[in-house]
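Me: I would like to learn how to read aromatic ring pairs in a protein model. Could you take me through it step by step?

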Amino acid sequence: MDDDRLVATFMRELADARPVIGPQLVEPGVLWWKAQLLRRWDAERRATAPIEVMEPVQIVAGLATAALLLLWALPSLKHLLTLG
Amino acid sequence: MGALTEPQFGEFYRGTARALWTYVYRVTGNAADADDLVQDAFCRMLAADVDALNDEDRRRYLFRVASNLVADRWRRGERERSWRERAGLVKPSSTAPVDTPTALTFGALKPQQRALLWLAYVEENSHEDIAAALGVKRGSVKVLLARARARLKALLTTKAVW
């Protein structure tokens with residue numbers, strides 16, 4: 001028997017053999033709704049992604065503005081403190 | 001072709017799930033892994049844009065997804081095994097029931113060889129489909145299949161279990 005026929009016969013036998021443990025397959029409806037939920041979560045995650053990206057940018061911009069304001073107001077503050 | 005509806009999916013699932021499970025089970029050798037991976041593969045198929053595909057193409061897509069998941073699981077298992085060996089931990093003893101000699105012989109092949117032979121002989125996929133499913137070059141499929149056949153023949157000859 002050549003290799004190909006030997007392997008083909010063996011594979012046919014294996015495909016026909018009943019596995020020692022059977023599958024525990026869930027109902028298709030369960031998978032359908034699970035996939036719908038995953039789709040919805042994925043869409044929500046994609047929709048909120050720009051907000052999440054912008055959050056650290058906002059914090060840095062806020063801190064930079066506060067620092068600039070402080071620098072700008074420093075001479076006036078010093079003047080006020082010396083008057084006091 | 002319109003969007004896949006729930007009843008259409010149900011019909012497709014009932015016609016495909018068992019074949020996919022048997023493929024995954026024969027490649028991984030673990031029924032619990034096969035249960036998980038089949039569920040995951042169907043969820044990924046539904047999450048992907050497969051509305052334009054017919055049932056035959058969806059089936060091919062599903063086997064491709066499952067093959068990728070099997071490869072990922074195997075790589076993770078190998079990393080875990082190597083970590084356990086380095087840490088000197090003993091692997092928990094397997095409680096898997098004893099399989100048939102045919103299945104044991106098949107289990108002695110490498111996972112990729114098992115997948116190759118299954119897709120070629122049971123699913124009767126073309127070399128192109130096998131290449132896509134296993135993430136190998138189309139030209140390599142013929143060589144890999146020849147090696148897998150030779151290895152299986154050697155196992156059958158030496159073990160004489162079949």
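**Reading the aromatic pairs**

Me: How many aromatic pairs does the structure hold over all chains?

Reply: Over all chains there are nine aromatic pairs, where rings of Phe, Tyr and Trp (its six-membered ring) pair if their centres lie within 6.5 Å, and planes under 30 degrees apart count as stacked, over 60 as edge-to-face and the rest as tilted. This is a predicted model, in which local features need pLDDT of at least 70, side-chain atom pairs count only at pLDDT 80 or more, and totals for chains, interfaces and linings use all residues. Residues are numbered from 1 along each chain as its sequence is written, chains are lettered from A in the order in which they are written, and side-chain values use heavy atoms, with hydrogens and water left out.

Me: What describes a pair of aromatic rings?

Reply: The distance of the centres and the angle of the planes describe such a pair. Here A:Phe10 and B:Phe106 form a tilted pair, at 6.5 Å centre to centre with 35 degrees between the planes.

Me: Why does the pair of A:Phe10 and B:Phe106 join two chains?

Reply: A:Phe10 lies in helix α1 (residues 3-16) of chain A and B:Phe106 in helix α4 (residues 101-107) of chain B, so the pair joins two chains; helices are DSSP runs (H or I, at least four residues), numbered from the N terminus.

Me: Which ring pair is edge-to-face?

Reply: B:Phe12 and B:Phe42 form an edge-to-face pair, with 6.3 Å centre to centre and 75 degrees between the planes. Ring pairs also link these two with A:Trp32, B:Phe9 and B:Tyr13 into a cluster.
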